[in-house]
Amino acid sequence: MKHLIEKYKIQDHIQFLGLLDETKMATQYAKAHVFICPSAIENSPNSVGEAQLVGTPCIASYVGGTMDMITDGYTGFLYRFEETAMLAKKVCNLFNNEKLCKQISKQEKSVAQIRHDQKTNDKRLNEIYLSILHHDNKLDI
(Lines give C-alpha, C1' and ligand atoms only; values in the text may rest on other atoms or scores of the structure.)
Protein backbone atom coordinates (compact mmCIF):
# COMPACT_ATOMS: atom_id res chain seq x y z
CA MET A 1 0.00 0.00 0.00
CA LYS A 2 2.77 2.38 0.90
CA HIS A 3 4.26 1.97 -2.57
CA LEU A 4 0.91 2.76 -4.23
CA ILE A 5 0.36 5.76 -1.97
CA GLU A 6 3.76 7.13 -2.95
CA LYS A 7 3.31 6.23 -6.62
CA TYR A 8 0.07 8.18 -6.88
CA LYS A 9 1.27 10.98 -4.57
CA ILE A 10 -1.72 10.76 -2.26
CA GLN A 11 0.12 10.84 1.08
CA ASP A 12 -1.73 14.01 2.12
CA HIS A 13 -5.08 12.26 1.69
CA ILE A 14 -4.46 9.12 3.74
CA GLN A 15 -4.17 8.79 7.48
CA PHE A 16 -3.46 5.48 9.17
CA LEU A 17 -5.15 5.35 12.57
CA GLY A 18 -3.55 2.29 14.15
CA LEU A 19 -5.35 0.25 16.80
CA LEU A 20 -8.54 1.84 18.13
CA ASP A 21 -10.80 0.89 21.02
CA GLU A 22 -14.56 0.67 20.43
CA THR A 23 -15.23 4.30 21.35
CA LYS A 24 -12.52 5.66 19.04
CA MET A 25 -13.66 3.30 16.29
CA ALA A 26 -17.27 4.53 16.55
CA THR A 27 -15.99 8.12 16.46
CA GLN A 28 -14.03 7.42 13.28
CA TYR A 29 -17.03 5.73 11.64
CA ALA A 30 -19.17 8.75 12.50
CA LYS A 31 -16.58 11.17 11.08
CA ALA A 32 -16.30 9.24 7.80
CA HIS A 33 -18.36 10.22 4.77
CA VAL A 34 -18.42 6.64 3.49
CA PHE A 35 -17.34 3.19 4.67
CA ILE A 36 -16.06 0.71 2.08
CA CYS A 37 -15.77 -3.04 2.59
CA PRO A 38 -13.86 -4.15 -0.54
CA SER A 39 -13.41 -7.84 0.36
CA ALA A 40 -13.06 -10.52 -2.30
CA ILE A 41 -14.23 -13.10 0.26
CA GLU A 42 -16.43 -12.21 3.21
CA ASN A 43 -18.79 -13.88 5.63
CA SER A 44 -20.75 -11.46 7.77
CA PRO A 45 -18.56 -8.39 8.24
CA ASN A 46 -18.86 -6.82 11.68
CA SER A 47 -17.30 -3.66 10.25
CA VAL A 48 -20.30 -3.15 7.94
CA GLY A 49 -22.71 -3.62 10.84
CA GLU A 50 -20.72 -1.19 13.00
CA ALA A 51 -20.65 1.45 10.28
CA GLN A 52 -24.38 1.03 9.67
CA LEU A 53 -25.17 1.35 13.38
CA VAL A 54 -23.57 4.81 13.48
CA GLY A 55 -25.04 5.76 10.11
CA THR A 56 -21.95 5.89 7.91
CA PRO A 57 -23.10 5.16 4.34
CA CYS A 58 -21.67 1.79 3.32
CA ILE A 59 -20.42 0.39 0.06
CA ALA A 60 -19.45 -3.28 0.05
CA SER A 61 -18.42 -5.84 -2.47
CA TYR A 62 -21.13 -8.24 -3.54
CA VAL A 63 -19.72 -11.31 -1.76
CA GLY A 64 -20.74 -13.62 1.07
CA GLY A 65 -22.88 -12.20 3.84
CA THR A 66 -22.70 -8.58 2.72
CA MET A 67 -25.70 -9.24 0.51
CA ASP A 68 -27.72 -10.05 3.65
CA MET A 69 -26.59 -6.83 5.35
CA ILE A 70 -27.00 -4.33 2.53
CA THR A 71 -29.97 -3.84 0.28
CA ASP A 72 -28.40 -2.12 -2.72
CA GLY A 73 -29.57 1.47 -2.99
CA TYR A 74 -31.54 1.32 0.27
CA THR A 75 -29.22 0.50 3.17
CA GLY A 76 -25.98 1.00 1.27
CA PHE A 77 -24.49 0.01 -2.04
CA LEU A 78 -23.06 -3.20 -3.47
CA TYR A 79 -20.58 -3.67 -6.28
CA ARG A 80 -18.62 -6.55 -7.79
CA PHE A 81 -15.26 -6.50 -5.97
CA GLU A 82 -13.22 -6.54 -9.19
CA GLU A 83 -15.13 -3.60 -10.72
CA THR A 84 -13.17 -0.72 -9.20
CA ALA A 85 -14.69 1.80 -11.62
CA MET A 86 -18.13 0.93 -10.26
CA LEU A 87 -16.84 1.38 -6.72
CA ALA A 88 -15.38 4.79 -7.61
CA LYS A 89 -18.68 5.86 -9.18
CA LYS A 90 -20.62 4.88 -6.05
CA VAL A 91 -18.15 6.76 -3.84
CA CYS A 92 -18.48 9.86 -6.04
CA ASN A 93 -22.28 9.58 -5.95
CA LEU A 94 -22.22 9.66 -2.15
CA PHE A 95 -19.79 12.58 -1.99
CA ASN A 96 -21.88 14.54 -4.49
CA ASN A 97 -25.32 13.86 -3.01
CA GLU A 98 -25.83 14.84 0.63
CA LYS A 99 -29.53 14.00 0.44
CA LEU A 100 -28.69 10.45 -0.66
CA CYS A 101 -26.18 10.11 2.21
CA LYS A 102 -28.76 11.17 4.77
CA GLN A 103 -31.36 8.83 3.29
CA ILE A 104 -29.00 5.82 3.28
CA SER A 105 -27.79 6.68 6.79
CA LYS A 106 -31.30 6.82 8.21
CA GLN A 107 -32.41 3.59 6.53
CA GLU A 108 -29.31 1.58 7.38
CA LYS A 109 -29.35 2.70 11.04
CA SER A 110 -32.95 1.57 11.37
CA VAL A 111 -32.25 -1.85 9.85
CA ALA A 112 -28.95 -2.31 11.72
CA GLN A 113 -30.54 -1.47 15.08
CA ILE A 114 -33.06 -4.25 14.54
CA ARG A 115 -30.46 -6.72 13.22
CA HIS A 116 -28.04 -6.08 16.10
CA ASP A 117 -30.59 -5.68 18.91
CA GLN A 118 -29.00 -7.26 21.97
CA LYS A 119 -32.23 -8.45 23.61
CA THR A 120 -33.62 -9.96 20.41
CA ASN A 121 -30.34 -11.70 19.59
CA ASP A 122 -29.95 -12.98 23.15
CA LYS A 123 -33.49 -14.38 23.11
CA ARG A 124 -32.96 -16.05 19.72
CA LEU A 125 -29.63 -17.58 20.76
CA ASN A 126 -31.26 -19.02 23.89
CA GLU A 127 -34.09 -20.43 21.76
CA ILE A 128 -31.54 -22.11 19.49
CA TYR A 129 -29.67 -23.67 22.42
CA LEU A 130 -32.91 -24.86 24.02
CA SER A 131 -34.08 -26.42 20.76
CA ILE A 132 -30.76 -28.27 20.45
CA LEU A 133 -31.03 -29.44 24.05
CA HIS A 134 -34.63 -30.53 23.49
CA HIS A 135 -33.68 -32.31 20.27
CA ASP A 136 -30.76 -34.12 21.94
CA ASN A 137 -33.00 -35.25 24.82
CA LYS A 138 -35.49 -36.72 22.34
CA LEU A 139 -32.69 -38.75 20.73
CA ASP A 140 -31.67 -40.25 24.10
CA ILE A 141 -35.17 -41.71 24.65
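Author: A helix axis is a line fitted to C-alpha atoms over the stretch in contact, and angles run from 0 to 180 degrees between N-to-C directions. The model discussed here is a predicted one.

Reader: Why are α3 and α6 called oblique to each other?

Author: Their axes cross at roughly 120° and come within 7 Å. Roughly perpendicular covers 65 to 115 degrees and roughly antiparallel starts over 145, with the rest counted as oblique. The angle of α3 and α6 falls in that remainder, so the pair is oblique. The crossing is left-handed.

Reader: Which residues make the contact between α3 and α6?

Author: From α3 come G49, A51, Q52, L53 and V54, and from α6 come E108, K109, A112, Q113 and R115. Sorted by class, this contact has 4 nonpolar, 3 polar and 3 charged residues.

Reader: What makes α2 and α3 roughly perpendicular?

Author: They pack at an angle of about 65°, with the axes 9 Å apart. The roughly perpendicular class runs from 65 to 115 degrees, and the pair is therefore placed in it. The crossing of α2 and α3 is right-handed. In the contact, A26, Y29 and A30 of α2 meet S47, E50, A51 and V54 of α3. By class there are 5 nonpolar, 1 polar and 1 charged residues.

Reader: How do you know that the buried residues of α3 line one face of the helix?

Author: The buried residues of α3 (residues 46-54) are V48, G49, A51 and Q52. Viewed down the helix axis, they fall within an arc of 165°, so they line one face. Their cover includes α2 (22-31), β1 (35-37), β2 (58-61), α4 (66-69) and α6 (98-115).

Reader: What makes the phi of K9 worth a remark?

Author: Most residues other than glycine have a negative phi. K9 is not a glycine, yet its phi is positive, at about 50°. K9 sits in the loop between α1 (2-7) and α2.

Reader: Why does K9 count as exposed?

Author: Exposed means over 50% relative accessible area. K9 has 67%, so it counts as exposed.

Reader: How do you know that D68 is exposed?

Author: The same cut-off of over 50% applies. D68 has 69% relative accessibility and therefore counts as exposed. D68 belongs to helix α4. Its C-alpha atom is 9.9 Å from that of N43, 25 residues away along the chain.

Conventions:
Residues are numbered from 1 along each chain as its sequence is written. This is a predicted model: local features need pLDDT of at least 70, side-chain atom pairs count only at pLDDT 80 or more; totals for chains, interfaces and linings use all residues. Side-chain values use heavy atoms; hydrogens and water are left out. Buried means under 20% relative accessible area, exposed over 50%, partly exposed in between (1.4 Å probe, protein chains only). Helices (H or I, at least four residues) and strands (E, at least two) are DSSP runs, numbered from the N terminus. The arc is that of the directions from the helix axis to the C-beta atoms. Contact means heavy atoms within 4.5 Å. Angles under 35 degrees count as roughly parallel, over 145 as roughly antiparallel, 65 to 115 as roughly perpendicular and the rest as oblique. A crossing is left-handed if the near helix is turned anticlockwise from the far one by less than a right angle, and right-handed if clockwise. Ala, Val, Leu, Ile, Met, Phe, Trp, Tyr, Cys and Pro count as nonpolar, Asp, Glu, Lys and Arg as charged, and the others, Gly among them, as polar.
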